[in-house]
Amino acid sequence: MSYPGHPVDAPLTVDAPPAGARAHLFNDRTVDHYRTSLARGVDRVATRIAGAERPFSGISPDELAPGLAGIDLERPLGDIAGALDELEDVYLRDAVYFHHPRYLAHLNCPVVIPALLGEAVLSAVNSSLDTWDQSAGGTLIERRLIDWTAERVGLGPDADGVFTSGGSQSNFQALLLAREEACAAGSRSELLPRLRILASEAGHFSVQKSAKMLGLAPDAVITVATDQDRRMRPAVLARELDRCRREGLLVMAVVATAGTTDFGSIDPLPQLAEVCAAAGVWLHVDAAYGCGLLVSPTRRHLLDGIERADSVTVDFHKSFFQPVSSSALLVRDRAVLRHATYHADYLNPARMAERRIPNQVDKSIQTTRRFDALKLWLTLRVMGADAVGELFDEVVDRAADAYDLLSADPRFEVVTRSQLSTVVFRYLPPAGPERELADDANLFAREALAASGAAVVAGTKVDGRHFLKFTLLNPETTLDDIAQVLDLLAEHAGGYLRAKTAAEPVRRAG
Ligand SMILES: Cc1ncc(COP(=O)(O)O)c(C=O)c1O
C-alpha cells in the first residue's frame, strides 16, 4: 500500500481501527469500514433494483407509518447490517422505483451509473461549493460545466450561472435577479406593488411561489393564454405587455417554458424573444424539462430562440438522467449575479473577489452547497453528451408512439401531441350517462393502479376535467409496457363504472 509522498518500500504503520463513536468517523483509519459499509449498501440496492417486479409495492401511508413510529431513535443498532435490515422494512422494500419501465408518472428519470459514482464520490469527499477554500477543483469543475451548458444554450461570452437544488430554486433566483434589475429603475417601495411577471397558463407553479417569496403583489403573476398545442401565444403576450404599460404596471420578467410539465410543450421562443426585446423586458426560459434537447442529436432545433434569453433554468435531474439534485441557473450577463452577492468577513470578504478567488457563494442563494456538478462531469466524461441526448431522444420517440396508440384506441381520449415525452389522456366512458362519471373513473383508475403497484401514472386537470398523464423518461419503457398499462387503466375504470352503475343506476338523461 502506498500514498503520495510515501515510498512504496517504507514500512507503513497501520494503527488499530478506532473503537466507539470514532469507529464511524470517515478518515484514514476507517477506510476499510467505509469500503465494506458502502459495499453492503450498494449490494442491498442492487438486489432491490434487480428484483423489482413492480415500480411500487402499493403500500399506503397508514400501513407503512407504524413500523417507522416503532423505531426508537434513542437506541441505535450499532452496526451497518442491522440498520440496513431495518431500512429494508421502512424504505427499500416499498420505495417507488423510477428505473422500472412501468414507472410513468412524474418528471423523475432513471439515473446513469457514472452519475451514481459521482454521487458516492461527492458525498464522501464532501466538498462545499461555496468557497474555493472548501472545494478547490470542485469549483473549477462546476464553472466548466456552467460554461459548457451556457455555450450549448448559446448565451454568449458574458454568460455565467450556478448550480442549484432544482428547477424551483433556479426559477426563484432568476426572478430575484429580474426583480432587482427592475427595482434599479426607481424607488423599491413604490415599484414593488407594481411589478408583474407574465407566464404561460401552462407554466410551472414555482413562478407563482417565487412571486410570493419575492414580496410581489398577490396578483403579480399574469397568465398568458396558450394555443391548442399549449404554447404561449406571442400576440397575447404582446397585448398583455401593452396593457400593463398603459396601466402603469412594470413587467419585470416574462417566463417562457421550454417543456411544460403537463404537455411537454415548448413556447415559441423566437417570437417571444422578439416581443420581449421590443418591450425591453427580461426573458426567462424555464427549460427544467426541455434542457435534454441541448444534447439531442436530432431535436436541438426545438430550443431555437433560447439563446436570446436573459436567464435559463436547466434541470439535469429531469432530462440528463442525473440523480436528484442537479440543476442550474444560467444568465446572459454575469454582472446580474451580483444581486446574490454578500461579502461575509468570515467566508468571502470582498478582498477575495479583488484577488479573483473563485468563490461560487458570490453567485448563489445558498451558502454550503453540494458538489452536484460532479455527477454531470462524470456522465460527460464517461458517456459523452451525445449518448445522453440519444437516451432522451428515445423517450421522446416513445411518447410519440404512445400518442398514436392512444389516438387509435376508442377507450381513451388524448390531448395534444407533446414535443417532449408526456402524454395526457383519459379513459372516456361510452357516450351516455356513464360519461358523467368520467372524472371519478379516471381518478379511481389512477389510484387503483398505484395501489396494485403494477404501474404508476400521474394525473392532471385539463379545462377542469381530470386526466391521466404519462411522463416517459425511461428508454427501457416499451410500447408494449404502455399498452399493458392502458389495459389495466381501462379495466380499473370500467370496473369502477360497473360497480357504480350497479349500486346506483345512473339517471338516464331526459
Ligand atoms: C417546467 C418545470 N419547471 C420547474 C420545475 C421545478 O423543478 P424542481 O422540481 O427541480 O424544483 C418543474 C418540475 O417538474 C417543471 O416541470
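**Ring contacts, cores and buried polar residues**

The charged end of Arg230 is placed over the ring of Phe263, at 4.7 Å from the ring centre. This and the other values reported here were computed from a predicted model.

A pair of aromatic rings is described by the distance of the centres and the angle of the planes. The count of aromatic pairs comes to eight. In one of them, formed by Phe98 and Tyr103, the ring centres are 4.7 Å apart and the planes meet at 50°, so the pair is classed as tilted. The two partners fall into separate accessibility classes: Phe98 is partly exposed, at 30% relative accessibility, whereas Tyr103 is buried, at 5%. Phe425 and Phe470 form a further tilted pair, with 4.6 Å from centre to centre and 50° between the planes. Phe425 belongs to strand β10 (residues 422-427) and Phe470 to strand β12 (residues 465-471), so this pair ties together parts that are 45 residues apart in sequence. The relative accessible area of Phe425 is 0%, which places Phe425 in the buried class, and Phe470 is likewise buried at 0%. Both rings belong to a cluster in which ring pairs link Phe412, Phe425, Tyr427 and Phe470.

In soluble globular proteins, nonpolar side chains tend to be buried together. The largest nonpolar core of the model comprises 65 residues, and the members with the most contacts inside this core are Leu237, Val254, Val285, Val312 and Phe392. For Val312, with neighbours within four places in sequence left aside, the contacts are Val153, Leu155, His284, Val285, Ala287, Ile306, Ala328, Leu329 and Leu330. Apart from the largest core lies another core, of 27 residues, including Leu104, Ala399, Phe470 and Ile482.

Helix α13 (residues 373-382) is mostly covered, with seven of its ten residues buried. The buried residues are Ala373, Leu374, Lys375, Leu376, Leu378, Thr379 and Leu380. Their cover includes helices α4 (113-125), α5 (137-153), α11 (316-319) and α14 (385-407), together with strand β2. Gly384, which follows α13, has a positive phi, near 90°.

A search of the whole structure for disulfides returned zero. Cys183 is in no disulfide, and the nearest cysteine sulfur, that of Cys244, is 16 Å away. For Cys244, the closest cysteine sulfur is in Cys276, at 12 Å, which is too far for a bond. Cys183 is buried, at a relative accessible area of 6%, and Cys244 is buried at 0%.

Glu88 is part of helix α3 and is buried, with a relative accessible area of 14%. When residues up to four places away in sequence are not counted, Glu88 touches Arg44, Arg48 and Arg93. With Arg48, the side chain of Glu88 makes a polar contact of 3.0 Å. Between Glu88 and Thr477, which are 389 residues apart along the chain, the C-alpha separation is 26 Å.

Asp94 is located in the loop between α3 (80-92) and β1 (103-104). This aspartate is also buried, at 8% relative accessibility. The side chains of Asp94 and Ser57 are joined by a polar contact of 2.6 Å.

Gly166 is situated in the loop between β2 (160-164) and α6 (167-183), where Gly166 is buried at a relative accessible area of 7%. Its contacts, apart from neighbours within four places in sequence, are Asp315, His317 and Ser327. The C-alpha atom of Gly166 is separated by 36 Å from that of Arg29, a residue 137 places away along the chain.

Technical notes. Residues are numbered from 1 along each chain as its sequence is written. This is a predicted model: local features need pLDDT of at least 70, side-chain atom pairs count only at pLDDT 80 or more; totals for chains, interfaces and linings use all residues. Side-chain values use heavy atoms; hydrogens and water are left out. A disulfide is a pair of cysteine sulfur atoms within 2.5 Å. Buried means under 20% relative accessible area, exposed over 50%, partly exposed in between (1.4 Å probe, protein chains only). Rings of Phe, Tyr and Trp (its six-membered ring) pair if their centres lie within 6.5 Å; planes under 30 degrees apart count as stacked, over 60 as edge-to-face and the rest as tilted. Helices (H or I, at least four residues) and strands (E, at least two) are DSSP runs, numbered from the N terminus. A charge sits over a ring if NZ of Lys or CZ of Arg is within 6 Å of the ring centre and within 35 degrees of the ring normal. A polar contact is a pair of N or O atoms within 3.5 Å; within protein, one must be able to donate a hydrogen and the other to accept it, and residues adjacent in sequence count only if both atoms are side-chain atoms. Contact means heavy atoms within 4.5 Å. A nonpolar core is a set of buried Ala, Val, Leu, Ile, Met, Phe, Trp, Tyr and Cys residues joined through side-chain atoms within 4.5 Å.
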